[in-house]
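My notes follow the order in which I checked them.

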Amino acid sequence: MSQKLLFSLIALTFIYQLSAQITTPTIKEEADVPSYQLPQLLISERGKEVDSPAKWERLRRPEILSYFANQVYGVVPDQLDFHEVEVLDDEPAALGGKAIRKQVNLIFKKEKKSIKMSLLIYLPKGKTKSPVFLAYNFKGNYTVNADPDILINGKKESELSEEELKKFNKNKRGGRTSRWAIDKMIEAGYGLVTIDYNNVDPDKNDFSDGIHTLFYQPGQTTPAKNEWGSLSAWAWGMSRIMDFMETEALIDHKKVILMGHSRLGKTALWTGANDQRFGIVISNNSGCGGAALSRRRFGEKLSDINTNYPHWFAKYFHYFNENESTLKVDQHMLIALMAPRPVYVASASKDAWADPRGEFLATKAASPIYRLYGKKAIEMEQFPPVNTPFHGTMGYHLRDGKHDVTDYDWEQYIKFANQHFGLN
Ligand code: GCU
């Protein structure tokens, strides 16, 4: 190769890399939202009109699901069931005697590798079978409640390594109690199943740990372009917990409400799309790559999320940075994949980064699929005022306040679940 050619190649690569890093400024005002057209929900790739649930299920739903799998979140390359359930704790009188507490490890093995998922379960006492909320936590099971007997990644305090102890002292037992209205759930007759999402795949741009490593082909060190990023890995984890819940007599696995906040709200929606065993799916402040429309580019946009969290989505998804209009899907289609099961999207008024209005518009734009099934879809014409929830088969509320999960949110979710599961 001539020196000149080599020089041009290096220069081109440099310019390309630089341009890939340049992102447009954050849109903060509604007036700056570009005009856009959403991809059609009810017209198939080949131009066929979808006018019945059967056509949706046979034709259009699989097209949309496969596009999200291959281009957005990444496909799971194989199957793997849990190998063993290790029961660590079975306490009949937890939380002041109101609840049963169970702690179990689900162990996954392949060749010489293994991962352990440590679940914390609270169930209302005195019921033969309980509906449950299933939700990942961010910082460890011990942060969801001050209960002194919650294990730390399956271990007692005395068994922790120095590093684990440091993390434990930082996150604190009960440190996230305000986000987990466990008393309200138990009182209303619901259980809670929770696990630290880092158990499945540690949330960092590193594919040498977590569940991915159990699925690599010989010599593979990172997922292929259409293979799973971390969001798909976390979604996979939720489904494996569902496999386990199906074996648990005290859990009513037909009444599992999958709930997730923020990145874990994105995960909840993607799980619910893949796995129809979940009875209700709730997205709390999930934003970009979750319930918010990508084409609005308001707040966080694809180039932001793919730059700041390069490991969350499939590598193919990065091609849509600053190029949302070439996507064949938008997030209203992800919400539509929950149908006809109840789905709830919640936003917070001071959460501009997650584009509350974009979350509402996506939920509304998914409504035609629910109507196809004769279900009560979003009826509000306008973006609603704060704290005026809508509960049909689709639910939506805009809570007053910041990016968070509050008692107000849980009160709505419990009401919504009561309505659909026939409890009161
Ligand atoms: C960041 C990220 C969001 C994500 C959020 C969270 O703000 O940009 O996409 O939802 O973290 O998970 O808390």
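**Helix crossing, then cavities**

I began with the crossing of H2 and H6, which is left-handed. The model is a predicted one, and I kept that in mind throughout. For helix H2 (residues 53-73) and helix H6 (residues 263-274), I noted that the axes come within 11 Å and cross at roughly 135°.

I then listed the contact itself, where Arg61, Leu65, Phe68, Ala69 and Tyr73 of H2 meet Trp270, Gly272, Ala273 and Asn274 of H6. Sorted by class, the residues of this contact are 6 nonpolar, 2 polar and 1 charged.

The largest cavity has a volume of about 110 Å³, and of the 15 residues lining it, Tyr136, Phe138, Trp180, His261 and Val405 are the closest to its centre. I looked up which elements give two or more residues to that lining, and they are strand E4 (130-137) and strand E6 (251-261). The lining of the largest cavity has 8 nonpolar, 4 polar and 3 charged residues.

Last, I checked the second largest cavity, which holds about 70 Å³ of space. It is lined by 13 residues, and those closest to its centre are Cys288, Ala292, Leu293, Phe298 and Glu300. By class, I recorded the lining of the second largest cavity as 6 nonpolar, 2 polar and 5 charged residues.

Note on methods
Residues numbered from 1 in each chain as written. Predicted model: local features only at pLDDT ≥ 70, side-chain atom pairs only at ≥ 80, totals over all residues. Heavy atoms only, no water. 1 Å grid on protein atoms, 1.4 Å probe; cavity = no way out; pocket = protein on both sides within 12 Å on 5 of 7 lines; lining within 4 Å. Points joined across faces, edges and corners; volume = space filled by probe spheres on them. Helix = DSSP H or I, 4+ residues; strand = E, 2+ residues; numbered from the N terminus. Nonpolar A, V, L, I, M, F, W, Y, C, P; charged D, E, K, R; others polar. Axes fitted to C-alpha atoms, helices over the stretch in contact; angles between N-to-C directions. Left-handed = near helix turned anticlockwise from the far one by under 90°. Contact = heavy atoms within 4.5 Å.
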